[in-house]
Amino acid sequence: MPSNDLGRDLSALAEHGERTGHLAPAAAVRARADRRRRGRQVASGALAFLVVAGVGVGIALSRQPKNASLPATPPSVTAAPTTRTTPSRPPSPPPSSRRSSPPPSTPPTSTSTSSKNSSSSSDVFSGRREVLLLPKNSEATVAIDENKRAALSDEFGDSALFVLNKVSGDRYWIRTARLRAGGEAFCLEAAATTGAAVPVTAEACDASQGRQLWRFRKVGESGGKPTYTIRTGTDIYLVQDPDGQLSAGGTGVVAIGIGEGTPDIDTPFLLPDRGKASLPSLD
């Protein structure tokens, strides 16, 4: 390319000489040549810049996927705070300085491996239910007669209702539910005996008197209801004697010792529930 520029310059110089009849100084010729050369360099640089820029834009466009669009910004969703509601506890009842009734007691257990007890059979040992002492297969129940003795009666009235209050362990008072003296209930007590049949009477309750402490042992069922034998801490059992065979002139109910070699005279009792007891509280 320099040779071509030189040729053009010489041709232009010759043409100028022909028109004017003289040649321009050498310095002017060189200056004119330098200006032309710089103009061409500037033009070449601008063209090169445009070419490079166009190539860059083409590469960028070729790399961008077709039909690409900016991702839409999803609307922000703010989750509502979860509030847990803790159920409030019912207020505790205020402590009482005195109990209005004896503490609930655990019902006697059966001698069999089965522990099947209905809810009603458990309640009768709570000290809060009135019950009957009904001999199995009997049409009469235990009641207190006018002489304060336990007897068989077919009236099923107030004198036949009792409340079973736990005293200690598996020992219970059999208290009269409706019969009272000075506001106090009576407790069934077996007379002292070495084993012979003796009467059972209603006496003032005394926790130190062992003959007033009765134990209940489940021995079976009658009509789907549990039956129990009733005895004191020794082997003195409460039994029915409707014919007076155990105690001549008796009332139909006696306490008698039953041990080895004794005829099978023990009496299973049903304990039918007759409703809520209304006895005063025990100290």
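Author: Glu130, Asp158 and Arg178 are linked in a network of salt bridges, a salt bridge being a side-chain nitrogen of Lys or Arg within 4 Å of a carboxyl oxygen of Asp or Glu. This is a predicted model, in which local features need pLDDT of at least 70, side-chain atom pairs count only at pLDDT 80 or more, and totals for chains, interfaces and linings use all residues. Residues are numbered from 1 along each chain as its sequence is written, and side-chain values use heavy atoms, with hydrogens and water left out.

Reader: How many salt bridges does a search of the whole structure find?
Author: The search finds eight. One of them joins Asp170 to Arg215, with the closest N and O atoms 3.1 Å apart. Asp170 lies in the loop between β5 and β6 and Arg215 in strand β9, so the pair ties together parts that are 45 residues apart in sequence. Strands here are DSSP runs (E, at least two residues), numbered from the N terminus.

Reader: And Arg175, is that residue buried or exposed?
Author: Arg175, in strand β6, is buried yet has no salt bridge. Buried means under 20% relative accessible area, exposed over 50% and partly exposed in between (1.4 Å probe, protein chains only). The nearest side chain of opposite charge, Glu184, is 4.8 Å away; Lys and Arg count as positive, Asp and Glu as negative, while His and the chain ends are not counted.

Reader: Which residue forms a salt bridge with Arg231?
Author: Asp235 does, with the closest N and O atoms 3.6 Å apart. Arg231 is buried at 16% relative accessible area, whereas Asp235 counts as partly exposed at 41%.

Technical notes:
Helices (H or I, at least four residues) and strands (E, at least two) are DSSP runs, numbered from the N terminus.
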